[in-house]
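Dear colleague,

Please find below the structure I promised to pass on, with its sequence. My notes on what I found in it follow directly after.

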Amino acid sequence: MWDDKGRRYLDLHAGHGAAFLGHANPKIIAAIREVLASGLLAVAASFSTPWREKAAESIGRITPGRWIMYMLNTGTEAVELALKIAIKATGRRKIVAFKGSFHGRTLGSLSVTWNPAYRGVFAANGYPVVFAPYNDPYSIDNYVDDDTAAVIMETVLGEGGVVPAAKEFVQAVRKVTRERGALLIIDDVQAGFGRIGCAWSWICYGVEPDVFTAGKSIGGGVPVSLVMVKHEFNALERSEYGSTHGGNPLASAAVAAAVEVLINDRVPEKASRMGTIFEEELKSKLEGKRLVRDIRVKGLMVGVELRKPPGPALKCLQDNGILALKAGATTVRFLPPYIIEESDVEEAADALAKCIE
Ligand SMILES: Cc1ncc(COP(=O)(O)O)c(C=O)c1O
């Protein structure tokens, strides 16, 4: 990234992670140009288009199992639809979410989002929501009962502080939801699409959800989101899903191109490898720093928890040519694109070491 004065930045913010495939990825740009040249930007979801068909086929290539795919525009919309599907499929009303979770800013998504600063006076959807402790494989059993429609979870808390779930925890949640007839919704808007080392984050965790969401980077920067539902839980009537722009040609073409990049460029493997290098680099450069409380890395979700709010460190990083973002109350978060190289990682770790002197 370059600013208006020509200053160069290493963009490890990547538009809240949406530019995971890099800015101006030539494959994405070419796909979008083709749609623009056709002049066809708005097609109602009730009509099939070659672009939408191709998007579905492409997503099928990276998603094991048989799924129904719904196309929407933003992450929060995908979460709303996922919750509706669970409520309809189970005939139940209660939702279990986790402390530290973030699922979006519309009313339903806010009601399963933990942070009171986001919830404000708005979180109310008329459905009971309880928040269980994250990463506790034992207590989840006490929260999921016969009234529970779904448990919604991130495999790595993103906004909540870059906190990876333990495998044992995710598997315990899967087990208890199956036992009680509740659906497991994995919100893969941030951790999905290669970012933590697998096409979908749940693949890395060895579980299969009943419903999952995707967004952010799946269109290479073009706004688009998905809800994927296992066939057997696809309970919605035609009148219960609709979206004027959902699956529009631009978004669909971008998704198909993004999947091609993901496969051809082995994006998940690269994310995993660069994440390991990033972690090693941070651990060595930040060793002994009193201000650092913890370093948490899962693929290219990278968090450095400080002992104080990260605002000044983020400003200093920006002054030193590194764009990063905040997570939780005290964590510096990096969401780099997969094209990041070792020298970039070194530069970022050096800058952070200097900024938290
Ligand atoms: C896990 C998760 N779910 C949902 C959302 C909401 O996505 P959007 O901002 O596209 O509505 C986000 C955004 O950060 C997210 O990280």
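L226 lies in strand 10, residues 225-230, where strands (E, at least two residues) and helices (H or I, at least four) are DSSP runs numbered from the N terminus. Please bear in mind that this is a predicted model, in which local features need pLDDT of at least 70, side-chain atom pairs count only at pLDDT 80 or more, and totals for chains, interfaces and linings use all residues. Residues are numbered from 1 along each chain as its sequence is written.

L226 is buried because 31 other C-beta atoms lie within 10 Å of its own, the cut-off for buried being 20 or more, with 12 or fewer counting as exposed, partly exposed in between, and C-beta atoms placed from the backbone. Leaving aside neighbours within four places in sequence, L226 is in contact (C-beta atoms, placed from the backbone, within 7 Å) with residues including I59, M69, Y70 and A78. G75 is 151 residues away from L226 in sequence, yet their C-alpha atoms are 7.9 Å apart.

V227 is among the four residues, with A86, I185 and A254, that touch the most other members of the largest nonpolar core, which has 117 residues; such a core is a set of buried Ala, Val, Leu, Ile, Met, Phe, Trp, Tyr and Cys residues joined through C-beta atoms within 7 Å. Helix 9 (residues 249-264) gives this core its largest share, 11 residues.

As for the sheet, 7 strands form an open, mixed arrangement in the order 2-10-9-8-5-3-4, strands being paired if DSSP finds at least two bridges between them. Strand 2 (67-72) and strand 4 (129-132) are the edge strands, each pairing on one side only.

With best wishes

Methods: Two residues are in contact if their C-beta atoms, placed from the backbone, lie within 7 Å.
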